[in-house]
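Q: I have a new structure open and would like to learn how to read it. Where do I begin?

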Amino acid sequence: MEALIGLFWSKYADLQHAIESEDDNATVALDRDLDPLLLAIFGSEECDAASIQSQFRFALDLLKEEADDRGCVRRNAHLLQTLVERYLAPQPGFSMARQPEPDASEASIIDEATASGSLDDTLLNRISDRIVLVAPGYRILYSNETNARRLEMPREQLLGRHLAEFVGLHRFRNEFEPSLSRCFAGESMSVTYAEEVDGQTVVLRCRMSPFVRASTLIGALVVIQETADRRRRPAA
């Protein structure tokens with residue numbers, strides 16, 4: 001896997017040089033060479049943890065590299081989604097075997113939906129909590145529908161985006177980045193802050209826990225709960 005990825009980036013660098021040099025023939029030839037490499041990298045279902053991590057890291061690096069090209073972003077987000085569905089989605093019949101009790105709390109549903117290093121999208125979309133899976137590079141690997149609705153964006157447009165885009169650069173650097181770094185090292189963390197949403201102040205509590213599959217760290221599972229700001233009292 002590493003050899004394939006290395007070959008891709010080598011040809012990718014050659015392609016960028018050909019574009020800058022306005023060498024149309026080389027550009028067409030190199031562009032044609034990259035598609036089979038992408039297919040080989042993303043089409044391979046790996047078993048060892050190192051190769052799986054390499055695939056996820058490559059997908060995120062590609063999203064970052066081509067972040068200014070909307071067409072490429074859509075393609076690369078789709079490729080990332082294939083990895084999430086392949087490695088993190090439960091096996092067929094998994095949800096049916098693990099349906100929560102009707103009166104189960106949202107916390108217990110989240111536990112059920114993320115058991116054994118899987119993400120049960122059906123269960124995670126039932127709850128009011130916003131769920132995000134953040135990769136070690138601080139980019140979004142997964143979002144449930146609740147989070148996408150709150151951000152007023154289709155879920156596929158969230159994939160690969162940097163978390164700082166949604167929490168603000170200052171808050172990311174001072175609160176989220178250090179907390180997520182500790183989470184990636186194995187700790188469970190929490191960040192709480194207030195912001196204006198639809199003209200009202202709400203408090204957001206972001207609980208972070210390491211998300212591991214087959215002894216491999218995939219990222220941090222962030223559960224975002226919104227509550228009214230109780231510090232504000234109506235005037236007497």
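This is a predicted model: local features need pLDDT of at least 70, side-chain atom pairs count only at pLDDT 80 or more; totals for chains, interfaces and linings use all residues.

Q: How many bridges join strand S1 to strand S2, and do the strands run parallel or antiparallel?
A: Strand S1 covers residues 130-134 and strand S2 covers residues 140-143. The two run antiparallel and are joined by 3 bridges.

Q: What do S1 and S2 form, and which residue in the turn has a positive phi?
A: They form a hairpin, with 5 residues between the strands. In the turn, Tyr138 has a positive phi of about 70°.

Q: How do I read a nonpolar core, and which residues have the most contacts inside the largest one?
A: A core is a set of buried nonpolar residues linked through side-chain atoms within 4.5 Å. The largest one here has 42 residues, and Phe8, Phe56, Leu88 and Leu133 have the most contacts inside it. Helix H3, residues 49-65, gives the most to this core, with 7 residues. Another core lies apart from it and has 22 residues, including Tyr138, Cys183, Cys206 and Ala220.

Q: What is Leu88 in contact with, leaving aside its neighbours within four places in sequence?
A: Its contacts include Phe56 and Leu133. Leu88 is also in contact with Leu83, Gly117, Ser118, Leu119, Phe211, Arg213 and Ile218.

Q: Are Cys183 and Cys206 buried or exposed?
A: The cut-off for buried is under 20% relative accessible area. Cys183 counts as buried because its relative accessibility is 0%. Cys206 also counts as buried, at 1% relative accessibility.

Q: How many disulfides does the structure hold?
A: A disulfide is a covalent bond between the sulfur atoms of two cysteines. The structure holds 0 disulfides.

Q: Which residues of helix H6 are buried?
A: In helix H6, residues 106-113, the buried residues are Ile109, Ile110 and Ala113. They lie on the same side of H6, because they cover an arc of only 100° around the axis.

Q: Where is Ala18 found, and is Ala18 buried or exposed?
A: Ala18 is in helix H1, residues 2-20. With a relative accessible area of 4%, Ala18 is buried.

Q: What does Ala18 touch, not counting residues up to four places away in sequence?
A: Ala18 touches Asp23, Ala26, Thr27 and Leu30.

Methods: Residues are numbered from 1 along each chain as its sequence is written. Side-chain values use heavy atoms; hydrogens and water are left out. Buried means under 20% relative accessible area, exposed over 50%, partly exposed in between (1.4 Å probe, protein chains only). Helices (H or I, at least four residues) and strands (E, at least two) are DSSP runs, numbered from the N terminus. Contact means heavy atoms within 4.5 Å. Two strands pair if DSSP finds at least two bridges between them. The arc is that of the directions from the helix axis to the C-beta atoms. A disulfide is a pair of cysteine sulfur atoms within 2.5 Å.
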